[in-house]
Amino acid sequence: MASTGQLLPSNSARGARSRESPLISVKMFSSSAITQILIDFLIYCGRAMLIFYPVYLTGYLGLSISWVLLCMFVLTYWKKNRQWKDARIGSAIELADSEIQVVNTELKSALQMASWVQYTDVENVQWLNKVLEQAWPFIGMYMEKLLREKIQPSIRASNPALKAFTFTKIHFGYKPLKITGIRAYTHEVEHREVILDMNISYDGDVDISTDVSLAITTRVKGLKLQGMLRVILEPLIGQAPLVGGVTFFFIRRPTLHINWTGMPNLLSIPSLSSLSEETTLDAIASIMVLPNRMCIPLIDKVKVDQMRFPLPRGVVRVHLLEARDLVAKNTHVMNLMKAKSDRYATLRVGSTLFKSKTVKENLLPKWNEVYEFIVHEAPGQELELELYDEGADKDDCLGRYNLDFGEVKREKQMDQWFPVDGALHGEVHLKLQWFSLQSDTSLLKESTDNFACAVLAVYLNSATDLPLTKRTTCPNSFVEMSIDDDVKKSKVAYASKDPVWEEGFTFFVHNVSAQELIVQVKEPEKKNLLGVLNLPLSHLLRTSNLTLDQRFMLERSGANSQIKLRATLRILNLEEPPSQTIFSPPPQVKQQQARKSGYNSVSNPSSAPPSSYTASSNNIPAASTLNLEGASPSEGYLAQGCGSSQAPENRKQSSSSINLRRFDSHSLLLENVIDSSRFDLSDGASYPEAIRNHLGSFGEIALSVRYATMRNKLMVFVNNCRNLFPCSENGTDSYVRLNLLPDQSLKHRKRTGVKKRTINPVFKEKFQFDVTLGEAQTRKLYVSVKSNKMLVSRERKDIGSVIIDLSQMDLVKGVTAWYELTLLGLKKSI
């Protein structure tokens, strides 16, 4: 996979500002921050006096140094004992609060649990393991034939010193390969394909012996291999065998451990043993790790080269902006002095790894760097981000975050703070953009900020009639391709003047009119040049489908020397987020609701007729944000549940019935979970007078709700509000609180930041709830908009609220809609 990382043009200036000490630039701090700094300084001085004054007093009184050592020993023992007790008490409290989660965490750390235990959408396929167990002896016979007839001749031809290489014994043992979990994708892929992800685990008792030479023998006694194998069945056809071909590969490099025994050579040294494992993994990666694939065509009409190296799915541009609230690792002198941290980040996609610059002495690092990654599989490929604190001897990990590119492909653009895993707290700010690959040349825009504007995909097939060298009649050869400083090398084809490589490469293109692809065929020993091809990329703009698939004559080579390759150019097109499907009541409905008296019931999507709302494109504000694909009108209506009021006959109640507390399902949930919602419908005295006298609407809130099956989390996007009740002349200081009913724990309670002095706040915040899909479909989401400041502290801070019944919506597809805000328990006068 090819990818390049570029810095923003203003990085040098921003980097210089980021290296300034926060204590120097006091003007950048608010009054509260300066107060906090002064308090920390006074605490530091107090701790210093507390430690050094007893030492001074001991010397002043002429006491022995043994008293100081004794006191330090007692203090250290007390502190360690106190930490041990606190840890026990904390573990007991945590176990009491979330017993199931703690037990699962302990099991994951102690045992290697199968993926179908951790993820509900991964299935346990014991029947397939039974099939593999029954067929394992025959699979071993096939592998033995493959090693002797294919691998052994290749090894002998790779090096003159290995001409005598021989497999003396091949036995794959009695322990078969196991599949610990399988996941099928059907909704997020093309209609003519099926994708399966298989978590494989092999702990076999293999026994393979080889003779490298008369003096060197090797033996493998045991092999462990673990990884996730992706199997693609495409294209689906309407005749036997229903599938045109099978493609399988590892999305990420698998883990491998080889037990070498009986080797009187250098490989018996542990360090060199691990080196041999890395060499074996490199060989596996060159065949079966993205972008390399293994393909088995099942019908004649399928093109193997297109199956083995299809065009990438797209390009993701990752903006690594900043981080905050990370764990401070560097502390000295018993926490008296806190050292500034040197923060950097690493970004990995498959085998492509980038490291950001190191922001020196800054607790709030700002990188403002941009990286580009070519995506071959989405969903599947992940961005693996890790944050580090640079140290003199060892770099401390501050947390990590993994993001599946399938989510970026669905959202098109994401700009938000992501919580890091593996640490107590911390967030990283990323901006991600999805670029599709198009063949329309009108979309081509030459890059002005050193970003890529196109992608070149090259499939290297073969060469014919290479020139013979003086040393051998059949040369070893490999191909080196380059665009400017981006250089890619193919594998070595041994002892052939008509070599076949069958490999694919991708390049980022920044200037189509000026750049060219340089292809050089070389010998691996002395890198003698066997042929050259210069292909200007501008030639591709004049071809059909921006593709050249032909044989090219090689320069500085033989008279008939040719190389066959396919070069495809694709233009990067920034994808815009899908248009929102927003449902809002017509104006006349809103006016009727404003004129009606009585209290509004809790919003229930199933209680209102579907015809009461129509799609309104005129009511979509400019500040509206995230949306999800696949939201149909019925789903949008079921999700919103807004503006639903009771029928007139239900609202006309006697005074005695009004004074009674309502114990329906919603009020019972609120009674047990939300203290601020305990009310008596006989009056709304807990609300401010201005709210009690208000007859119009309290506003609306735009929410996006969906379930991320890849991450096993319920995602709630708080987009924005409009037409909120103004709590003062300057607007409203508002925030949003989310509760996943009926859970009372803090992990199912979220809140946004405060937006000041506006009745149309824009939040753009994302929240995650750790629940399974089945559990989420039985919950209700309570959303309340609150005022951060009220005239009287005892008055309720609610501006409006809504309850969303998650069982009434398709969480997998997700829904984005506007929700009418109401006030529970508020009795209005006519």
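L70 is partly exposed, with a relative accessible area of 45%; here buried means under 20% relative accessible area, exposed over 50%, and partly exposed in between, using a 1.4 Å probe and protein chains only. The model is a predicted one, in which local features need pLDDT of at least 70 and side-chain atom pairs count only at pLDDT 80 or more, while totals for chains, interfaces and linings use all residues. Residues are numbered from 1 along each chain as its sequence is written, and side-chain values use heavy atoms, with hydrogens and water left out.

Helices (H or I, at least four residues) and strands (E, at least two) are DSSP runs, numbered from the N terminus. Together with M49, Y53, Y56, L57, Y60, L61, L63, W67, F73, V74 and Y77, L70 makes a nonpolar surface patch of about 1400 Å². Two elements, α2 (31-61) and α3 (65-97), each give two or more residues to this patch, and α2 provides the largest share, with six residues. Patches of this kind are made of residues with over 30% relative accessible area and no salt bridge, like charges being joined within 9 Å and nonpolar side chains (Val, Leu, Ile, Met, Phe, Trp, Tyr) within 5 Å. A salt bridge, in turn, is a side-chain nitrogen of Lys or Arg within 4 Å of a carboxyl oxygen of Asp or Glu.

Stepping back to the whole chain, the secondary structure comes to 16 helices and 36 strands. Of the 830 residues, 43% are buried. The chain exposes about 43600 Å², and carbon and sulfur atoms supply 56% of that area; accessible areas come from the Shrake-Rupley method with a 1.4 Å probe, and for residues only the protein chains shown count as cover. Among contacts (heavy atoms within 4.5 Å) between residues at least 6 apart in sequence, 68% join residues at least 24 apart.

The interior comes next. In soluble globular proteins, nonpolar side chains tend to be buried together. The largest nonpolar core has 34 residues, of which L456, M481, L517 and I563 touch the most other members. At least two residues of this core are supplied by each of β19 (454-464), β20 (478-483), β22 (500-509), β23 (516-522), β24 (529-536), β25 (547-553) and β26 (562-574). Apart from it lies another core, of 33 residues, including F698, V716, V718 and V736. A nonpolar core is a set of buried Ala, Val, Leu, Ile, Met, Phe, Trp, Tyr and Cys residues joined through side-chain atoms within 4.5 Å. Beyond its neighbours within four places in sequence, L517 is in contact with L456, V458, M481, S482, I483, F507, L533, N534, L535 and L537.

R566 lies in strand β26 and is buried, with a relative accessible area of 12%. Not counting residues up to four places away in sequence, R566 touches D305, F309, A457, V458, Y459, T547, L548 and D549.

Y735 is found in strand β31 (residues 734-741), where it is buried at 5% relative accessible area. With neighbours within four places in sequence set aside, the contacts of Y735 are R751, T752, G753, V754, F763, S784, V785, K786, S787 and N788. Y735 and K756 are 21 residues apart in sequence, and their C-alpha atoms are 8.9 Å apart in space.

Some backbone details are also worth a look. The peptide bond from E234 to P235 is cis, with omega near -10 degrees, and P235 belongs to the loop between β5 (217-233) and β6 (245-250). A cis peptide bond also joins A378 and P379, with omega about 5 degrees; P379 lies in the loop between β14 (366-375) and β15 (382-389). D465, although not a glycine, has a positive phi of about 55 degrees. This residue lies in the loop between β19 and β20 and is partly exposed, with a relative accessible area of 31%. R757, another residue other than glycine, has a positive phi near 55 degrees. Its place is in the loop between β32 (749-751) and β33 (762-769), and R757 is exposed at 63% relative accessible area.

As for cysteines, the structure holds zero disulfides, a disulfide being a pair of cysteine sulfur atoms within 2.5 Å. C45 counts as partly exposed at 30% relative accessibility, whereas C295 is buried at 12%.
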